[in-house]
Amino acid sequence: MINLKALTGTELESFIKSLGLPSYRSRQLIQWIYERLAGDIDEITVFSKELRRSLKEKAYISNLQIIDRVISKDATVKYLLELEDKERIESVLIPDGKRLTLCISSQVGCPMGCVFCLTGTMGLKRNLHAHEIVDQVITIKREYPGITNIVFMGMGEPLLNLENTVEALKRLIDFMHFSPRRITVSTCGIPEKIEELYQSFPENPPNLAISLNATTDETRSRLMPVNKVYPLKTLFASLKKIPLPPRRRITFEYVMLEGINDTDEDARRLMKLLKGIPSKVNLIPFNPADGLEFKRPAEERILRFQKILTESHLTALIRKSKGEDILAACGQLRAYSAIS
Ligand code: SAH
Ligand code: SF4
């Protein structure tokens, strides 16, 4: 059986051709799967009953199963989703003013081992296929049609699963009509993969976010093992070469950890690092979880850190911790459900 969702546009076209059907049928399939969010061939009512029956002999449409859906007090919705092989991933829907942002996963687990991150403590189970990445959007869009933005900030390191991430991005842009300006790919910082991502979208790339989290190699290597391979100097040399389109900025995420990366000195070093790069900073107060021994800095410390940045004309937002009461930080629902 062929899973229609697992095919690229070109593969879908060849498949339709192999059945002796005209090529507009493949365009209809794309429209019904990605715009009308059909989860079953029988829902494609533009096809005759006869056509649906013969298609069903050879093909099907896979779907993610919603295992759990938890709504927090601040209206963040966290989904636990099951894949065809029973592995589980999570996606988080975050309403914020006019925006409705969906945070999606790119891998089951993550191999990067960042010590403040619950997904990191899980290790890597496997990469997601392109259709499993896109299917998070399809599944949740059925319940919330008004999703405006997509961020690759769920489980996993998207650039270690680059081929599937690029194919998923193409489908989100071409088939589901999300503007690349409304999609952000977040990475722990792998220079050659960042360059490859930009080469895949020479005209209009998605936004890029770098999880920076520290301002010295010593601290960053302690927090994020990737820094031992690509230290700050290497990472920033590569970021400075990126062909960023006009008026676009790179987002730098900075998880604030008490006594580790939250001093005035850190804020000043951060300013220096970002000099010459069109950037904005997201300060993320650490989300505590069992087994992670870090602490969130006091509110005044975070505000003081932000002030140092904004006084030197850097855009620095404090990302309010969303959905804390439902363990909505990276990897937490899955880890929680695994032990409960
Ligand atoms: N692997 C990619 C995409 C996942 S994004 C990346 O690291 O960029 C996950 C984001 O959540 C990262 O910015 C990470 O720094 C942040 N994060 C991870 N654990 C966290 C925690 N316990 N509290 C707050 N933010 C966390
Ligand atoms: Fe992986 Fe990102 Fe978590 Fe690091 S922060 S372990 S790269 S998901």
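Contacts first. In this predicted model, 68% of the protein chain's contacts (heavy atoms within 4.5 Å) between residues at least 6 apart in sequence join residues at least 24 apart.

Ground rules, quickly. Residues are numbered from 1 along each chain as its sequence is written, and side-chain values use heavy atoms, without hydrogens or water. Local features need pLDDT of at least 70 and side-chain atom pairs 80 or more, while totals for chains, interfaces and linings use all residues.

Now the fold. The chain has 13 helices and 14 strands; these are DSSP runs, helices H or I of at least four residues, strands E of at least two, numbered from the N terminus. The radius of gyration is 21 Å, close to the 20 Å of the globule rule for 340 residues, so the chain is as compact as a globular protein of that length. That radius is over C-alpha atoms; the rule is 2.2 Å times the number of residues to the power 0.38.

Burial next. Of the 340 residues, 55% count as buried. Buried is under 20% relative accessible area, exposed over 50%, partly exposed in between, with a 1.4 Å probe and protein chains only.

One helix to look at: α10, residues 232-240. Which of its residues are buried? Leu232, Leu235, Phe236, Ser238 and Leu239. They span an arc of only 160 degrees around the axis, which puts them on the same side of α10. The arc is that of directions from the helix axis to the C-beta atoms. On the other side, Lys233 and Lys240 are exposed. Cover for the buried residues includes α7 (191-200), β12 (250-256) and α11 (264-274).

Definitions and conventions. Chains lettered and ligands numbered in written order.
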